[in-house]
Amino acid sequence: MPRHEFIVVNPDKCIGCELCETVCSFVHEGVFNPLHARIKRVRIEPIVNIALSCQKCEDPDCVNACPQKALEKSKKDGSIKVDEDKCTGCAYCIRACPFGAIALSTISGKVLICDLCESTEYEEPQCLELCPREAISLENVDQIAGEKRMDAVKRLLTDLVSE
Amino acid sequence: MTLEGYTQERININLDTGKIERTSLSEEFCTDYIGGYGFGAKILWDELKPGIDPLSPDNILIWAIGPYPGTILPTSSKYGLFAKSPLTNLFGMAISSGSIAQQARRAGHNCIVFYGKAEEPVYVMFDDGDIQIIPCEEAGIWGKGAWTTDEILKEHYNDQKLAVAAIGPAGEKLSKIGCVTNDRNRQAGRTGMGCVMGSKNLKALCFRGTKSIQIAKPKEFYEFGKELIKRSIGTATAKYRNYGTPDGLVPYNDMGMLGNYNFREGFFDKMENFSGQWLDENLIVKKVACSQCTVACDHLARVPKDHPKWAGATGSMDIENIYSLGSNCGHNDWFAIIKAITLCDDLGMDTISAGTTVAFGMECFEKGILKKDDVGYDLSFGNSEAVVQMIEDMGNRSTKAGDILADGSRAAAIKLGGNAMKYAMQVKGLEFPMFAIHGMSCFAVGSGVSIRGACHLRNGAYGLDAKGKFDRFGYDKPLERGKGIKDVEDEYCIIDSLIICKFTRGIYTSKEDHCTAYNLITGWDMNPEKLMVAGERIHNLAKCFNLREGATKADDYPPDRFFDEPPTRGPTKGVTLDRNGFASLLEGYYEVRGWDKEGIPTDKTLKRLGLDFCIGKLKTKGGKK
């Protein structure tokens, strides 16, 4: 099974500025409006800040939930593709997504899902490029697990690591 | 010509009748007065009856933004509140950030003016274009802290991003230092705008906007915006991002500029662990940002879990509140400072004025002017627990001393009588920010002439002293110094009108940069000359407002302490301001401004700035003090 990259946000670095949302709506829809963003900042006062977008689940609840079969997981890059002709904006996918990562456009009435800026003129995801704290990265599950392992070993074997 | 950025809609809300009226802001009004501060100054001049009681329904409260909120321009989500100040009886203004401005802008709002007084406590919900005046009773928010009010309303509307600007018990009880709190740690703090809201029975403003923001030149703006974002995470803002404004504690103290013991001193005797670095490394648990801000100056410190009284209190640290609630009250107890900050923010009191008024109370206590029976405990300098307790007593007006101090140092001094006024460290009624100005001849003038009273944000004149641009102990070059102050002051008028945050002022390398951003967003053809004249116009108009309310040259003087009582230690030991020297610098500033020797703009100056309508209206009409 190919390992697909998706947007990962580090809550330790995220300052909650919402620039990712603002930029996302601008590069995709040409306007500034977080309602049209495919990445959403979440803040729990006083100190929790993070942003969430499509996690590219292997067996996506959103795809399974769509009564119109308008969503499809791309084999190429793992993204969830929205067939705008089929999407009726019923929002069952939004209700199914465990991360709240799907938005419903108030312009087109279709759902919006992170495409890593593939549909835009920009090569790199713009939220990632503009994040002022480099809190956003593109990673796959193996990389994430690798980092976690490294962190764990550093914690567990403090003495050896520092020598 | 198009004028994007602005919605050009003005909402008038009559709280007496509940009538809501929509009018438009002309292109000329928008470009002459820019937004925020400029809008507030023009509307107050045009519509506020001179000499009114600021706590009466005759006062007008203006909420205004500029053309930027909601875009990717760094630090653009800012709003201002303007009214006649109950603290100074002069021009009142306070600016805040957070999520309010961008939500309001998406809801379509640019300028909202409140008249009269609601019959019962209300809040106003701006749900896109739908505006509802709603009794507080429904959600049960009257009497609640600003933080709790925010939580209740978010819950009520089931919207965690609902933007709420609220007053706390202090504003409800008409504390003249009452502020407006939004996004928990952001305040429209100074000059008692929360008190004005309280006087109107106006508990909170809620904003939710779903409309998209379009700008004049999206493609070019995006590239320029990216460039500004890059600059905003570079060296120009490093201080604010790293150790934050508390980074200034040690260097300012080393220059004898850190106010302590109610400004008897400028060099603090308790500097152990009292630095931005120590704070950052030991107590800061998170740095958070306002909407569309890349800087994240909001550095949150937390009292440890094992603390017996204030465990878990999490407050937003800034050099100003660290000075006012800490060094100025003669202690360096971080936990007390954190707790006091959280209380001020939740009860809804300006941290600068509140802390400096507690320091005033401490000195009055020491001198026997404020009696122990009225306080209920030992309010001596250095007693950090007493600072925390007094903040609570002031915010709730729960003791006799707390009630007296709740209206700031000048009103308290009048009530206490005797020579208490000697210890009120204020200009025009507004308490001093951090700088002890015994050895700061430029900022002595800068803080004195500041439109809203003692303030570091109307002109950055402290920088002229601290950076050695002029001899800070000397009084030479009155015209050059005057120009130095005027230039920054005019620029700050622009910044406070656009409105952007002063922490990103360094990312604009020239006036052209400001014009580029303005023009790409609005589609207008602003140039540096027009922009600076607008800044000068706005400053002069606010000055005219003060003159019409009865302000005189005497109101441009800092407190006597800085002239008469030299500090006893540090680099300013034995130093005071010189009266003659100060007078010559003040007149130099007036001259550069095109004002006469009494500080009154000449007709020629007013004409040059397009303020002909002020001519002949600057005579005092009373109503002050």
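Biologist: Where is the place of Pro46(A)?

Modeller: Pro46(A) is placed in the loop between strand S2 (39-44) and strand S3 (48-53) of chain A, where helices (H or I, at least four residues) and strands (E, at least two) are DSSP runs, numbered from the N terminus. The peptide bond that joins Glu45(A) to Pro46(A) is cis, with omega about 0 degrees. Please keep in mind that this is a predicted model, in which local features need pLDDT of at least 70, side-chain atom pairs count only at pLDDT 80 or more, and totals for chains, interfaces and linings use all residues. Residues are numbered from 1 along each chain as its sequence is written, while chains are lettered from A and ligands numbered from 1 in the order in which they are written.

Biologist: And which peptide bond in chain B is cis, with omega near -25 degrees?

Modeller: That is the bond from Leu498(B) to Ile499(B), and Ile499(B) sits in the loop between helix H20 (478-498) and helix H21 (511-522) of chain B. As background, most residues other than glycine have a negative phi, and most peptide bonds are trans.

Biologist: Which residue of chain A has a positive phi although it is not a glycine?

Modeller: Glu18(A) does, with a phi of about 70 degrees, and it lies in the loop between strand S1 (6-9) and helix H1 (19-29) of chain A.

Biologist: Is Glu18(A) buried or exposed?

Modeller: Glu18(A) is buried, because it has 27 other C-beta atoms within 10 Å; a residue is buried if 20 or more other C-beta atoms lie within 10 Å of its own, exposed if 12 or fewer, and partly exposed in between, with C-beta atoms placed from the backbone. In chain B, Arg184(B) is also not a glycine and has a positive phi of about 65 degrees; its place is the loop between strand S10 (180-182) and strand S11 (186-188), and it counts as buried with 24 C-beta neighbours inside 10 Å.

Biologist: Back to H1(A): how many of its residues are buried?

Modeller: Nine of the 11 residues of H1(A) are buried, so this helix is largely enclosed by the rest of the structure. Among the buried ones are Leu19(A), Cys20(A), Val23(A) and Phe26(A). The cover over them includes S2, S3, helix H4 (126-130) and strand S8 (136-139) of chain A, together with H7 of chain B. Just after the helix, Gly30(A) takes a positive phi of about 80 degrees.

Biologist: How many residues does the contact take from chain B and from chain A?

Modeller: The contact takes 26 residues from chain B and 20 residues from chain A, two residues being in contact if their C-beta atoms, placed from the backbone, lie within 7 Å. On the side of chain B that touches chain A, helix H7 (218-232) and strand S13 (284-288) each supply at least two residues.

Biologist: What does S13(B) join up with?

Modeller: Four bridges join S13(B) to strand S14 (residues 298-302) of chain B, and the two run antiparallel; strands pair if DSSP finds at least two bridges between them. Ile284(B) stands opposite Ala301(B) in S14(B). These strands belong to an open sheet of three strands with the order S13-S14-S15 in chain B and antiparallel pairing, whose edge strands are S13 and strand S15 (314-317).

Biologist: Which residues have the most contacts inside the largest nonpolar core?

Modeller: They are Ile62(B), Leu81(B), Cys206(B), Ala340(B), Val387(B) and Ile391(B), in a core of 242 residues. A nonpolar core here is a set of buried Ala, Val, Leu, Ile, Met, Phe, Trp, Tyr and Cys residues joined through C-beta atoms within 7 Å. Leaving aside neighbours within four places in sequence, the contacts of Cys206(B) include Tyr123(B), Phe126(B) and Leu153(B).

Biologist: How does the model score overall?

Modeller: It scores ipTM 0.95 and pTM 0.97. Chain B averages a pLDDT of 97, with 99% of the residues scoring at least 70, where pLDDT is the predictor's confidence in each residue, from 0 to 100. Over residues 621-625 of chain B, however, the pLDDT is below 50, although beyond near neighbours in sequence this stretch has 17 contacts in the model.
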